[in-house]
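Good morning, and thank you for coming. Please look at the display.

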Amino acid sequence: MIYLKTDEEIELLRENNILVSKTLAEVGRHIKPGVTAKQLDKIADEFIRSHGATPAFLGYQGYPASITVSVNEQVVHGIPSDKIVIKEGDIVSVDIGTFMKGFVGDSAYTFAVGEIADDVRQLLDVTKEALYRGTAQAKAGNRIGDISAAVQDYAESFGYGVVRELEGHGLGRKMHESPGVPNYGLRGRGPVLKEGMVICIEPMITMGSRAIVFERDGWTVRTRDRKPAAHYEFAVAIRKDGPDVLTDFSIIEQ
Ligand code: MG
Ligand code: MG
């Protein structure tokens with residue numbers, strides 16, 4: 001069942017996703033060589049709570065932390081620990097969720113730590129551009145497959161892998177609502193996009209093979225070939241006049 005949101009509900013979702021954007025910015029300010037993923041988790045947890053929200057990931061299907069921190073070959077769902085120490089040249093994908101006023105925010109960003117290799121920089125740029133290209137298709141009358149194909153075609157044109165086992169989703173009172181939003185697919189297929197739908201688009205793109213493995217902790221997803229992966233995520237409302245992005249990356253990139 002796909003829940004269409006009222007304008008008021010979309011504003012509450014925007015409030016949540018702006019808070020997620022601000023939390024990502026706060027975490028990003030602290031991503032420096034020597035910081036641990038556990039410290040980043042604590043910073044985010046305190047920031048979210050000080051703004052009257054709770055971290056939506058904590059306890060979600062038993063997830064043990066407030067954010068996910070996925071470094072280099074880790075794609076998503078990395079559990080922050082004090083054993084993960086950030087170093088120069090790393091890429092760090094941070095995914096954050098909030099719960100406030102009955103609705104959820106959910107967005108992600110991949111940060112570069114100092115100087116990174118040119119080919120890794122390109123992976124980040126292409127993954128973000130794939131997100132923008134998918135978002136441009138998020139308008140009433142289009143189908144989910146139009147978003148999926150836009151993401152896939154752009155990422156694969158660089159020879160990158162598109163992770164298939166995980167996907168975007170509807171967003172509302174729950175973090176994961178219908179419809180699923182795959183990062184691969186065919187134009188003109190899948191559910192029709194309607195005004196009032198709110199979805200998360202979240203390409204997970206790998207530099208090498210798209211094959212992934214789940215680590216023994218039951219959460220962390222990494223590339224099988226241990227090549228780097230990037231992940232960016234937006235929440236987008238489908239409006240009459242086109243996509244209305246509820247997440248604000250400019251807060252992070254300032
Ligand atoms: Mg997310
Ligand atoms: Mg998501």
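Gly-168 has Val-181 in β8 as its bridge partner. This belongs to a predicted model, in which local features need pLDDT of at least 70, side-chain atom pairs count only at pLDDT 80 or more, and totals for chains, interfaces and linings use all residues. Residues are numbered from 1 along each chain as its sequence is written, chains are lettered from A and ligands numbered from 1 in the order in which they are written, and side-chain values use heavy atoms, leaving out hydrogens and water.

Strand β7 (residues 168-170) runs antiparallel to β8, and two bridges join them. Strands here are DSSP runs of E, at least two residues, and helices runs of H or I, at least four, numbered from the N terminus; two strands pair if DSSP finds at least two bridges between them.

Which order do the five strands of the open sheet follow? The order is β8-β7-β9-β14-β15, with antiparallel pairing. At the edges lie β8 (177-181) and β15 (242-245), each pairing on one side only.

Let us turn to the metal site. Donors are N, O and S atoms within 2.8 Å of the metal (3.2 Å for Na, K and Ca); water is not among the atoms, so sites may look incomplete. Asp-106 also bridges to the magnesium ion (ligand 2), the two ions lying 3.1 Å apart.

Is Asp-106 buried or exposed? Asp-106 is buried, at 3% relative accessible area, because buried means under 20%, exposed over 50% and partly exposed in between (1.4 Å probe, protein chains only). Lys-42, at 53%, is exposed.
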